[in-house]
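Subject: Structure handover

Hi,

Here is the structure I promised to pass on.

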Amino acid sequence: MKRQVPLIITFLIGMIMIFSFFIPPLEGLEQTCSLFFDVIAVFAFFLGGGNLMRIHINKLRRRKKDWGFSIVTLGGFIIMLAAGLLKIGNPGGIAASPTTEGALLQEIFTYVFLPLQSTMYALLAFFVASASYRAFRAKNREATILLIAAFVILLGRTPFGMMLTAWIPESFSVLQVPNMAIWIMNSPNLAGQRAIMIGIGLGVISMSLRLILGIERTYLGDESA
Amino acid sequence: MPSHPTTSRPSHPAMLLILFTFFLLPCIVLAQTEVGQTNIEGTPIVPDSEQIVAAPVTSLIAADHKYDDGEMIELSWVPSIDDQLVDGKVIGYKVYRLEDDGEPQMITELAPGSNAYNDQSVERGKLYSYFVSALSSNAETPSVRTAPIEPQREWLNYELLNVLIMALVLGGAVIYFIETARRGKKLFVRKIAGLEAVDEAIGRATEMGRPILFIPGILDMDDVQTLAALTILGRIARIIADYDTKIFMPVSRSLVMTAGRETIKASYQAAGRPDAYSDDMVTYITDEQFGYVAAVDGIMVRERPATVFLLGAFFAESLILAETGNSVGAIQIAGTARPAQLPFFIAACDFTLIGEELFAASAYLSGEPKQMGSLKGQDVGKAIAMAAILIGILTVTIGDSWDVEWIQNITTGLTEIFSTK
Amino acid sequence: MSTKAKEILALAMIFAFSLIFYIGKVLGWEAVRFSTTVSLIVILLVALSLLWILILTIRGRLVERRIVFLYVGIAVALPLFMTLSQKITISPEVEAVYNTLEELPEGSKVLVSFDYDPPSAPELQPMAEAFLYYCFEHDLKVIMMGLWPQGPMQANLAIEKVLSDEKIKSKNLKYGEDYVNLGFQAGYEFVIQRMGSDFRSMFPTDYRGTPYEQIPLVKNVKNFSNIDYCFNLSSGFPGTREWVQIAVDRYGVTLGAGNTAVQAPQMYPFMRAGQLVGLLGGMVGAAEFEFLTKWIGKGTKFMISQSFAHVIVIAFIIIGNVAFFRSKRKTGLKR
Amino acid sequence: MEHFALWLGGFLTLGIFSFLYKDNPWYKLTEAIYVGISAGYFVVVYFWDNFYSKFWIGVFPHKRLNEAGELIAGVEPDYWLIVGGVLGLLMLMRLLPKVGWISRWPLAFIVGATAGLWLINYFASFVMVQIQNTVTPLFGADYSASLFVIVGNIVVAVGTFTGLIYFFFSKEHRGAFGGAARVGIFFLMITFGASFGYTVMSRMSLLIGRIDFLFGDWLGMIK
C-alpha cells in the first residue's frame, strides 16, 4: 500500500496525460491538472510557511547566532500576512482587494519589495563583469572559441564596435563587427541551440518514461532504490 | 502592409455642414429622446431612403472544426464586394447565430476585411445556423443563412497521428533497451565529466568538514527540470549518507521542500543510516526569485560549503549564485535545460551538465543496467533526428535544384512526419 | 587603523554624503554636472588606472573581483554626471517612428501600450517620456494601457515627468480629454484580440475607476479603427510580437515599437515586412529618439553609461587574458 | 512620507550592494527583511489567487445576478476541484507522523502529471519542430540565397548535426566520431559565448536603473 499505490498513481496519471494530447475530448485535462496543482501548492504552503516560522522561532528561542535577524524576518512575514489576509491597513476594509493603491500590502510592495528586487537583480551587472574577467580566458581551444564569440557579440552591440570596423567598404560589410555579430547569432548560435533543444527533448522523454514506468523512484521515498 | 485607417469624408466642408444639419443632427436628437431606438453602438437608426447599403457577404460556409471535442464551428465567407480599403462602404461585420432554430443572436463583431470566424461557444447536441451581416455606416445587410450544423466530437486527433507514431517509436526504443539491459546485456555508456566528478566533490566536502549545498532551481514540481534535480538528489544523498557529510538544501517552493525531504530521507534509509537524517536538511525560504537568491547568497558566504550543486531550472539568478559559490571556493557542479543560462554556468562553475545530460544524470549515477538502457534509447532518438536532418537537407536541396520528383517526394514525406501543425 | 574602524568611517561618510545631498535636494540645489573638460579628465584618469592595473597584472599581481565591481560601479555612475556630446547618427528604424508621428494631424488619437516593468525601465522609460513629450507638444491625444501589471504605473511616472516640463505645463492638458490611462488588463494577447472588436469590453473603467463611456477622450473610441497610431513599449511577452500578430495583421493598425536591446533583434523581420513602421532598440534607440524629439531625458546619458560599462567589461576580459598568458608562461601548460 | 520612502529605498539598495564588499550586518538586515516580506507576499497572493479565486469560488461560486436581479446561468460549481482539495489535504497529512506516508499520493500525482505532460510537449516542440526547422534548402528556395546566407545555412546544418553527435551517450568519442563530437562542442561553445556576450548589455541597464535611483531620485544629484 505504502509503496505500490504511489507508483500506480504516477503510472496512470502519466499515461493519461500523454494520451490526452491525442484525444480531443481530454483536451481540457492539462488545465484541470494545473488547477489541481495550484490547489495542492496552496496546501503545501502551510508546510513551507510553517517551516519558515519554525526555523526562525527556534533560532530565537535558542538565541542562536544572528537571532536578531530572525525577528525581522518573522516580523516582515507576519506583517504581510496581517496586511494581506486580515487586510489590516486596507483603506477599503476587509472587502477590498489588498493590492489596491494605498493599501498597506501594496505600499510595502512598492516601497520595500520593489527596490529590493531590482537591486538584487542589478547585482548581475557586477557578476557578469567578474565572471567575464575570470572565465573568458583562452585556456584551451574551447574556451578560446567561447571568448571570441562573446567578444564579437559584445563589440558588435556597442557604438565602439561600429566605429572599429566602419572603414571596411560596403562590399565587404560582412566583415564589419556588427554584421559578424548578427551572423553569429543567426547561424552557429542557432545550430548550437537546436542541438541542445533536440537533446533536451529526448532527455525529457527518457527521464519521464523512467518516472512513469516506476524505474526511477527515489523521489517517492522508496527504500529499495 | 499596414495602412492608415481611411475614413471617407465629403470633399467640401460645406457638404459636411449640410449633412450634419439636415441628417445627422435630427438623428442624434431623435436617438436621444426616444430611448430604445438606438442599437448597441449608438448608431442612429435612419429611414430606409438614407441608408448606405453594402453588398452582402457570399459563399458563407459553416463547418465543424475537425479533431476537437465538438467545441468549435468554423465559419468562412467571401467578404462583401463593397469591402475595400479605399472608399469601402463596409465598416465591419456582425456574425449572428441561431441556436436550435431560435432567435438570431449576435455573437461577435469583426473588422473589415475579415473572412473567417471560429465560434468556440458551441455545445454538442445542439444545432446551429449562422448568417453574417455586412455593416455600412448606417445599415446592415444580412447574408444567406447556413444550414443547421451540429459540432462533432472526434476521439482521436488524426492530424497528430505522426506525432503519436514518432512518440511510440522513441518510447518503444527506450523501453526496448531498458528491457535488453534488464536481461543482462551489457550496454556501453561513455563517461560524462560532470558526473564523474560527483564522488570527488562529495569526498572533498567530507575531507574539509564543510557542508554540501544542493540548489534544485527555482521552479516548482510542475517543471521537469525540478524532477530531474530531485532524481539526481536521490543518488547524491545516498553517497553523502555513506560519507557522513552534511547536506543542506534551501528551496524556494513548499512542494519541492516536501519532495526533497522524502528523497533525502529515503536515501539515508537505503544507506542504513535513517538516524542521521533530519528534516532541517531541507528548508523553505521564499517563493520569490531574488529573495531566495539573497538568502542563498547569505548561506553560501556564512556556511562556506565545499561543494555546491546547482541543478534544475534557473533564470537570471544563475550567475549570481554561481559567482558567489565560486567566490567562497566551492567546487560547483551545475546543470540546467535552459539554454539561456548555460553560458553562465559554463563560465562560473567547474562542471556543467548541458541540457540532455541533466536528464541523463540520475540514470548515469545509478549505474543500474536498466537505467543505462534508457540512455541508449535516447541515442536512437538522436540517430533518427540526425538521419532526418541529413536526408531532409540533401533531398530538399537537390530536389529544389534539379526538380527531381521522387526526391521531392521524400522531402514532402519527411516534412509530414515531423510536422506538428 | 583597524579594518573595522575604516569600515565604520566609510559608512559614516556615505551617510553624511547622502544627508548633505538630500538636504541640498530639498533646498533646491542644482544638479551636479561635470563640464566637458572635467569629464575628459575623469575618463583619462579611469583609463590610466586601468592601464596601471594592466601593468600590475603583467608584473604578476592579480586584482581581486572587488576591484572589478568597483570599476563597473564607476563606469555606470560617472557618465550620469558628465556632459559629453556623443555624435548621434539616427538609424532608419528610429527615424521611421518619428516620421510616422510627424505625419499625424493635430488631434489624432495615439494608443500607447506599456508592456514592461521596473527592471526594464532604464531602457524603455526614456523612450516613453520622449514619445509622450512629442505627442503632447504636437497636440496628439494619448490613450495609455498596459498588458503588464506594472505598465500603467510606468505610464503614470512618464506622464508626471513630461507634464512637469515648462512647455507642456503651459498647454494645460486635461486628464480624460488630452490623455487617459486605461490601466492594466490581464489576459495577454487575448486583450489585444478583444480590443479589436471593443475597447470597452477590456477596459470598462480607466485606472482611476471612471467608467469608459464617461471619459470624453475615449467614449467614441470603439476599436482600433478609431486609433490613428499605435506605439508599444515592450520587454518580453506579451509585447511587440503579439501586437504585430494581432493588432497589425488582423486589424490593420499602424504600429511602432520600443524594445529592450535584448529583444529588438527579433523584431527586425517585422520591420522588413512592413508590419512595424519603426523600432526604437535599447538605450541607443532611446538616445536617438530623444535627439529627434528634442526631449532632454536620460536616454542619452544612460547610453553613455552603458557604452562605458561595456568598455570596462572588455578591458577586464583583456586584463584577464593577459594574466592567464603570463601565468602560463611561468608555470608551463597546466589546465 | 515621501522622504521616508526615499530613504528607505536608499537604505535597502545600499544594503544589498554592500554584499559586494563582503557579508555584513547591513546586508543581513536587508536580507531578513526581503525574505520575510517576499514569503508573506507570496502567501497572500497564493491564498487569494489560487485558493480563493480558483478553488473556493470554483466550488462555491458567487450567485451572480444581472441588473434585473435574475440569476445568470453558467456559474455551476466545479466539483472536480474538490479532488484537488483532497489531494492538498493529503499533503498536509505529513504533519501527522502516523499517516504521513499518505502525502506521497499527491506527490505521485504531481510527478505523473508533470512527467506525462512534458514528455509529449517537449517531444513536439523541442524535437519535432526543431528537426523540421533545420530541413531547409541550403541554397535557398530557387537559388535565391546570397553566398553569405548559403554559408550560414551550411553552418546551421553542420552545427546541429555535430552538436547532436556530442550528446551521443553510447559511443566513445574517438576517431572520426570523436572529431565530429569535437566540432559539435565548438558549436556549443560559440552558442554559449554568443548568449553570454548578448546578455551583458541588458544586465548593465538594470544597474543603470538602480544607480539612477540613488543619485537621481534619492539624492537629486542628477536631473
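Below are the notes on the chains, their interfaces and a few residues.

First, the ground rules. This is a predicted model, in which local features need pLDDT of at least 70, side-chain atom pairs count only at pLDDT 80 or more, and totals for chains, interfaces and linings use all residues. Residues are numbered from 1 along each chain as its sequence is written, chains are lettered from A and ligands numbered from 1 in the order in which they are written, and side-chain values use heavy atoms, with hydrogens and water left out.

**Chain D against chain A**

Contact here means heavy atoms within 4.5 Å. On that basis, 103 residues of chain D touch 103 residues of chain A. The two chains bury about 9,900 Å² between them, and carbon and sulfur atoms give 84% of that. (Buried area is the accessible area, with a 1.4 Å probe, that two parts lose on being put together, summed over both.)

The rule finds 3 salt bridges across the interface of chain D and chain A; a salt bridge needs a side-chain nitrogen of Lys or Arg within 4 Å of a carboxyl oxygen of Asp or Glu. If you want one to look at, A:Glu142 and D:Arg182 form a salt bridge through their side chains, at 3.3 Å from N to O.

Which elements of chain D supply at least two residues each to the side that touches chain A? They are helices H1 (2-17), H2 (25-59), H3 (81-92), H4 (104-134), H5 (147-167) and H6 (175-218) of chain D. H2(D) gives the most, with 25 residues. (Helices are DSSP runs of H or I with at least four residues, strands are E runs of at least two, and both are numbered from the N terminus.) By class, this side of chain D has 72 nonpolar, 24 polar and 7 charged residues.

**Chain C against chain A**

Here 26 residues of chain C are in contact with 21 residues of chain A. The buried area is about 2,300 Å², with 75% of it on carbon and sulfur atoms. C:Phe69, C:Ile314 and C:Ile317 supply 22% of the area that chain C buries against chain A, more than any other three residues. The rule finds 0 salt bridges between chain C and chain A, but 4 residue pairs are in polar contact (both at pLDDT 80 or more). Helix H3 (65-77) and helix H13 (299-331) of chain C are the elements that give two or more residues to the side touching chain A, and H13(C) gives the most, with 12 residues.

**Inside chain B**

Chain B has 11 helices and 13 strands. Of its 421 residues, 54% are buried, where buried means under 20% relative accessible area, exposed over 50%, and partly exposed in between (1.4 Å probe, protein chains only).

Now for B:Glu288, which sits in the loop between strand E10 (282-284) and helix H6 (289-303) of chain B. What does B:Glu288 touch, leaving aside its neighbours within four places in sequence? The list is A:Phe113, A:Gln117, D:Tyr34, D:Ser38 and D:Phe42. The B:Glu288 side chain makes polar contacts with the side chains of A:Gln117 at 3.0 Å and D:Tyr34 at 2.6 Å. B:Glu288 is buried, with a relative accessible area of 3%.

B:Gln332, in strand E12 (residues 331-336) of chain B, is buried at 0% relative accessibility. The B:Gln332 side chain reaches the backbone oxygen of B:Ala322 at 2.8 Å.

Last one: B:Thr411 lies in helix H11 (residues 405-418) of chain B and is buried at 11% relative accessible area. The side chains of B:Thr411 and B:Thr395 are joined by a polar contact of 3.2 Å.

Cheers

Conventions: Ala, Val, Leu, Ile, Met, Phe, Trp, Tyr, Cys and Pro count as nonpolar, Asp, Glu, Lys and Arg as charged, and the others, Gly among them, as polar. A polar contact is a pair of N or O atoms within 3.5 Å; within protein, one must be able to donate a hydrogen and the other to accept it, and residues adjacent in sequence count only if both atoms are side-chain atoms.
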